[in-house]
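Hi,

Here is the structure I promised to pass along. Have a look at it first, and my notes on the rings and the packing follow below.

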Amino acid sequence: MTKVLAGITTSVDGFIAGPDDGPGKGLGEGGERLHYWVFGGPWTYDDESRGEPSGEDAAWLAEATSRVGAVVGGRWTYEAARHWGDENPWGLPFFIVTHRPEEEPEGGAFTFVSGVEAAVERAGEAAGDKDVHVMGGAEVIRQALEARLVDELTIIIAPVILGGGKRLFEGFSQSLELEHFGVRQSSFATFIDYRVPGGGG
């Protein structure tokens, strides 16, 4: 049965991006440190080449991606990543939540959908017997949690205090009980897995 997974990296003080995030700098000022685990160590937006994850980071990523058959992301993330060069970084059906679905780009790399519920529904249809991954940004994950669409939530905590930026649960309007079921540790991140009781729509 298809599950809806959500996952995002945050600083110890709860920020998923530093100040002034935007196109070409999706993680904001100093936010690169959040994703050291993704690139195997320090990197910057100015780097022409970046490393690969290793050890526990690579193991978690391989395990997580092996389950996924379709992806849901937000319009802000799509814009901040500069559309990933108009190439789908997942190689899977990728649904972008947007208020302007009529602006869907040509070429079929991304499908624009109005509303997180519709996006998750379409992703579930496209995923086949695999799972749906809600990758964020923060607003899309909050909306999916508030709509009780998420079965499992992974919070990846980077060992950094950003001191400002965009908070993961800023404006979250509900109390939500979670069930802890897994943890994985590396020098660059702590991966904490939760079940979301009553999730999955």
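F172 counts as buried, at 19% relative accessibility (buried is under 20% relative accessible area, exposed over 50%, partly exposed in between, with a 1.4 Å probe and protein chains only). Before I go on, some housekeeping: this is a predicted model, where local features need pLDDT of at least 70 and side-chain atom pairs count only at pLDDT 80 or more, while totals for chains, interfaces and linings use all residues. Residues are numbered from 1 along each chain as its sequence is written, and side-chain values use heavy atoms, with hydrogens and water left out.

Rings next. Searching the whole structure turns up 13 aromatic pairs (Phe, Tyr and Trp rings, the last by its six-membered ring, with centres within 6.5 Å; planes under 30 degrees apart are stacked, over 60 edge-to-face, the rest tilted). One of them joins W43 and Y45 edge-to-face, with 5.1 Å between centres and 70° between planes. W43 is buried at 5% relative accessible area, whereas Y45 is partly exposed at 22%. F172 pairs with F169, also edge-to-face, at 5.5 Å centre to centre and 70° between the planes; F169 is partly exposed, at 38%. There is a cluster too: ring pairs link Y78, W84, F94, F110 and F112.

R195 has its charged end over F181, 4.3 Å from the ring centre, and R50 lies over the face of F39 at 5.5 Å.

Now the packing. The largest nonpolar core has 29 residues, and V72 and V134 touch the most other members (a core is a set of buried Ala, Val, Leu, Ile, Met, Phe, Trp, Tyr and Cys joined through side-chain atoms within 4.5 Å). Elements that each supply at least two of its residues include β1 (4-11), β3 (68-74), α4 (116-127) and β6 (131-136) (helices, H or I, of at least four residues and strands, E, of at least two are DSSP runs numbered from the N terminus). Apart from it lies another core of eight residues, among them V71, F110, F112 and M135.

Finally, I16 is in strand β2 and is buried at 11%. Beyond four places in sequence, its contacts (heavy atoms within 4.5 Å) include I8, L27, L34, A138 and L168. I16 and G136 are 120 residues apart in sequence, yet 9.8 Å apart in space, C-alpha to C-alpha.

Cheers

Note on methods. Lys NZ or Arg CZ within 6 Å of the ring centre and 35° of its normal.
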